[in-house]
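Please open the structure in your viewer and keep the selection tool at hand.

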Amino acid sequence: MALTLFPEMFPGPLGESLAGKALKDGTWALEAVDIRRFAKDRHGTVDDAPFGGGAGMVMKPDVLSDAIEAVSPKPGGPQVPRLLMSPRGAPFSQARARQLAEGPGVLLVCGRFEGVDERVIEAHALEEVSVGDFVLSGGEIAAMAVMDCCVRLLPGVMGTAQSGDEESFEDGLLEYPHYTRPAAWAGPDGIERRVPEILVSGHHGKVAEWRMRQREEITRLRRPDLWGRRTAKRNEEK
Ligand code: SAH
């Protein structure tokens, strides 16, 4: 479920490919509710100028709060996690996606303008989630990223179960490089590039070993943060 000022943006890209097929066959469901429906005046006002001054507008607490209440399950009953898309939130992760995918669903609140009145976050104990250290113009694309990540983890959505486990981040390592036919290919630079010999050797043990070494090397070079965490965890286990 998404709360948004632009419900027509959904399902958007999530209506295509694997997520789209799963949406059509009912593996998951998506409802995008227009926050403007909860506006208090006939102009449909949803934002106002910030107290203390400054640029931009802020989403009004009364309107957004009513929207959240209207789509939330009755208090006392089973609740779903309520996430606010926000650049200052906790970085969204594969681990959080796994938890959400195993859960009963999720409410994603999409901000616009400069963001939402702080008191709504507090009153509804919204979990602020960021999809990266950059600023989008609204929470919709962030919410779609979160949904896509969760949906592909649902049973039956992706072809082989295995293509989940060896992927980037699942075990704190980035993925190994992929190759497919042709085994020798000349790119626009005229240089013929062959796939690594080991991959066509038919030696599964050696392939697995090579891939693991690649993953470690790529992670160490590109993401010292992930690599550091992994080595720290390993040292702890010793
Ligand atoms: N003034 C804010 C940016 C607001 S961007 C700031 O400086 O932090 C408008 C909306 O886009 C936000 O309320 C949020 O819902 C969404 N958004 C922007 N960047 C995002 C990100 N990296 N992750 C998740 N949501 C984001």
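Select Arg 215 first, together with its contacts (heavy atoms within 4.5 Å). Leaving aside residues up to four places away in sequence, Arg 215 touches Glu 166, Glu 167, Asp 171, Leu 173, Leu 174, Glu 175 and Tyr 176. Arg 215 belongs to helix 7 (residues 204-222); helices (H or I, at least four residues) and strands (E, at least two) are DSSP runs, numbered from the N terminus. With a relative accessible area of 3%, Arg 215 is buried; buried means under 20%, exposed over 50%, and partly exposed in between (1.4 Å probe, protein chains only). Glu 167 is 48 residues away along the chain, and its C-alpha atom is 10.0 Å from that of Arg 215.

This is a predicted model, in which local features need pLDDT of at least 70 and side-chain atom pairs count only at pLDDT 80 or more, while totals for chains, interfaces and linings use all residues. Residues are numbered from 1 along each chain as its sequence is written, and side-chain values use heavy atoms, without hydrogens and water. The average pLDDT (the predictor's confidence in each residue, from 0 to 100) of the protein chain is 96.

Next, select Leu 108. Its contacts, not counting residues up to four places away in sequence, include Met 1, Leu 83 and Met 147. Which residues touch the most other members of the largest nonpolar core? They are Trp 28, Met 85, Phe 92 and Leu 108, in a core of 27 residues. Such a core is a set of buried Ala, Val, Leu, Ile, Met, Phe, Trp, Tyr and Cys residues joined through side-chain atoms within 4.5 Å. Helix 5 gives the largest share, eight residues.

Finally, select Phe 134, in the loop between strand 7 (127-130) and helix 5 (139-151). Phe 134 counts as partly exposed because its relative accessibility is 46%.
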